[in-house]
Amino acid sequence: MNGKSLMHGQGESYSGIVPTKQPNRGGEPPAEVAEGRPLTKENTPQSNPRRTPRRESGPSGLERVRETARKNGKLRFTALLHHVTVELLRESYFCLKRQAAPGVDGVTWEEYGEGLEGRLRNLHGRIHRGAYRAQPSRRVWIPKADGRQRPLGIAALEDKIVQQAVGKVLNQIWEEDFLGFSYGFRPGRGPQDALDALWVGIVRKRVNWIVDLDIRSFFDKLQHEWLVKFVEHRIGDRRITRLIQKWLKAGVMEQGQWTETKEGSPQGAVISPILANLYLHYVLDLWVEPWRKKQARGDVIIVRYADDAVLGFEHRVEAERFLEELRKRLGKFGLELHPEKTRLIEFGRFAAERRKQRGEGKPETFNFLGFTHICGTNYQTGNFTVRRKTIGKRLAAKLKEIRAQLHRRMHLGLPQTSEWLRQVVRGYFQYHAVPGNWERLKAFRREVLYHWYQALRRPSQRSRLRWSAFPERFGALLPPIQILQPYPNLRFDANHPSIRGRNRVR
């Protein structure tokens, strides 16, 4: 093919050039590898290593798509499906979580790998002939930290592969469109980056009020018609659009019963976070950005991670007006704010003093991405700071999970159990070990040791063990308490050198 398919003017479009090679992005995290499990806001799972390395020989087809999207923000891409090659499908397969639960097809990652090349060639052929059919998601229910249950849709393995591949193609375009304050499930961004940005925004800007947004049942309420319209703003390839519609319309299977899905996108599907980001990009982000620039007189900050968002305002009246207008805006697209979980609270460098003068006690706190955020004071400088500690309910839920796992592992020996616990504690610290959270880390490690002690003292087990000697004897087998995350302002400034030292947060 040649490059003459680039057209300009009204309704301009781009017909991609057939690539000879796919990009080598070994150091770039996939857009979403958390398939087959709840959309975590803490640990980002590592994708499986590719079987064979690839050589670099100039820009690939996907890289050229991204460069074209960067140069022209209004371009519609009319030919994208040819980028879904056997090589990209193979890459997508190895990005999937090996131990994920199977979907309605009952096929595991290991089973699909038997005769992998033949399966991928067959899948590739069906995709390009239009013979590929999406299967329903298998619905399971997982417990939440507050005791309720969340529906999770587990896609069939082939659907995961195709969604991963198509998502990578679409991300080349949409990553050039998404705004800087959007962090959830995007390549090269994570929850710690969002937490850094929020901390820096509150500390450096004139923030006196916090709006803690909660969109009720967001993934269940996505309107398919609107979502397709948003997709078509940039995607003119009807074959890609039809694939997305197939996934949206595939329905769910629960206890052998199929249910049609007229709205929403299953939580747990590989493509869901990408589509959710696109939906909120048009519904929220592109509306908030001009609102804070043109309608707000005071400072306004926003940090969004998937469907969770926190905004900071200088003036209460503007925060109240924003909430009123946002409710109308969301209603237009089938969404609504949760009336009990969406809150406006006084928060910032003057909150404690002002509330004390009014006799109202300490400032309220808010939760975001696993941490409770608290108005505090820097012990060394005496300046205002935002303290963060692990949410109490999250901590309790994690300990309950570990206790149950320990009892299920009673038949295993000490080396296997201690190695498993080391991995659990190390993973927990990797996310939660932020400056100022020492006491919660200490409590977590102490409780893990105590649950381990109780498991070993069960009847017919090591009944002579005494708790007084246990922490010293067995504590050395677990990672020590240490702060692993840097101070948020240091990492934020390192990641945003262009605004380092300036009193500005995007």
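A crossing of two helices is left-handed if the near helix is turned anticlockwise from the far one by less than a right angle, and right-handed if clockwise. The crossing of α5 and α10 is left-handed. The model is predicted: local features need pLDDT of at least 70, side-chain atom pairs count only at pLDDT 80 or more, and totals for chains, interfaces and linings use all residues. Numbering starts from 1 along each chain as its sequence is written, and side-chain values use heavy atoms, without hydrogens and water.

The protein has 17 helices and 13 strands. These are DSSP runs, numbered from the N terminus (helices H or I, at least four residues; strands E, at least two). Of its 506 residues, 51% are buried, meaning under 20% relative accessible area with a 1.4 Å probe, protein chains only. Contact means heavy atoms within 4.5 Å. Among contacts with a separation of 6 or more, 73% join residues 24 or more positions apart.

Helix α5 spans residues 157–174 and helix α10 spans residues 272–294. Their axes come within 10 Å and cross at roughly 25°. Helix α5 is therefore roughly parallel to α10, a label for angles under 35 degrees. Axes are lines fitted to C-alpha atoms over the stretch in contact, with angles from 0 to 180 degrees between N-to-C directions. Gly167, Asn171 and Trp174 of α5 meet Ile274, Leu275 and Leu278 of α10. The residues of this contact comprise four nonpolar, two polar and no charged; Gly counts as polar, Trp, Ile and Leu as nonpolar.

Cys95 is buried at 12% relative accessible area. Cys375 is buried at 18%. The disulfide count is zero, with cysteine sulfur atoms required within 2.5 Å.

Notes: Parallel < 35°, antiparallel > 145°, perpendicular 65-115°, else oblique. Buried < 20%, exposed > 50% of the residue type's maximum accessible area, 1.4 Å probe, protein only.
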